[in-house]
Amino acid sequence: MKNEKNRQRYVIANWKMKLGLAESLKLADDFKGKFKGFCKNKVVVCPDFISFSDISKKLKKTNINTGTQDVFWHSKGSYTGEVSPKVIEEAGGNYVIIGHSERKEYLQETYDVINSKVKEVIKNSKLTPVVCIGEKMETRKKGKVKSELSKQLKKTFENVKITGNRQVFIAYEPIWAIGSGKSIKTKDLEEVNKIIEQNLLNIFGTKKEANNFIKLYGGSVDSKNVKELSGVNGLDGLLVGGASLKVAEFYKVVNLF
Ligand code: PGA
């Protein structure tokens, strides 16, 4: 692993369901133009499923990677409406977001489902999973962040085997910070990073496997708070929603991190 100063960092754009098809394609063109040449950190764009394939083609020979916002836990079969890891790979994707809190809230996605998705992606594809965790404000107020995140990580990675250099991204996104304009305090984020590291050691046992994990933060990241976040110990990247929808703003976020 590279040392703290030189290590690779990532900024992932989560466009959610915020754009129309033409708007997504246009924004991908804007990204392509703006990020041509030098880019300080690795950029990943996660559009909706319909625009994903065209956007992956557009960005194929650029320094921008693509991913999806969800995935199914089998590679083929009678699963109406679902999209497999294989198809995402075929369409040019490298990453997949799993278990975003909006899916837990609006689609009742459970930890059994999240665990199945993580297992399938790691076992049968080359996609890098970007697994989301995070607490509600009431949990934070009750001082129960540690036990809540430990529970989420345990369920997410139950019986998951990680070998070799396989990377797994963990995006800590406190639910109260998503889309609220209220980002986390850096000291609280450092504490969460330690909680995550400790839990990964408890779950996977060896230091080596814990080193396969990349830690991201998401929740109201923008060009004003990114500089502060960039100094947080143990943080390898960001998952950005609202601020990834305007190319100039996102460019600042990526290069200030
Ligand atoms: P936000 O969203 O940056 O708009 O808060 C982040 C996310 O939900 O991934």
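Some ground rules. Residues are numbered from 1 along each chain as its sequence is written, and side-chain values use heavy atoms, without hydrogens or water. Because the model is predicted, local features need pLDDT of at least 70, and side-chain atom pairs count only at pLDDT 80 or more, while totals for chains, interfaces and linings use all residues.

Start at the ligand. Take Lys16: a polar side-chain atom sits 2.7 Å from a ligand oxygen. For His100, a side-chain N or O atom is 2.8 Å from a ligand oxygen. Gly179 uses its backbone: a polar atom there is 2.7 Å from a ligand oxygen.

Now the helices (DSSP runs of H or I, at least four residues, numbered from the N terminus). Helix α7, residues 145-156, meets helix α8, residues 186-204. Their axes, lines fitted to C-alpha atoms over the stretch in contact, come within 10 Å and cross at roughly 40°. In contact (heavy atoms within 4.5 Å) are residues including Leu149 and Leu153 of α7 and Ile195 and Ile196 of α8.

The second pair is α1, residues 21-34, and α11, residues 247-256. Their axes also come within 10 Å, crossing at roughly 45°. That makes α1 oblique to α11. Leu27, Asp30, Phe31 and Lys34 of α1 touch Val247, Phe250 and Tyr251 of α11.

Definitions and conventions
Axes fitted to C-alpha atoms, helices over the stretch in contact; angles between N-to-C directions. Helix = DSSP H or I, 4+ residues; strand = E, 2+ residues; numbered from the N terminus. Parallel < 35°, antiparallel > 145°, perpendicular 65-115°, else oblique. Polar contact = N/O pair within 3.5 Å; in protein donor to acceptor, adjacent residues only side chain to side chain.
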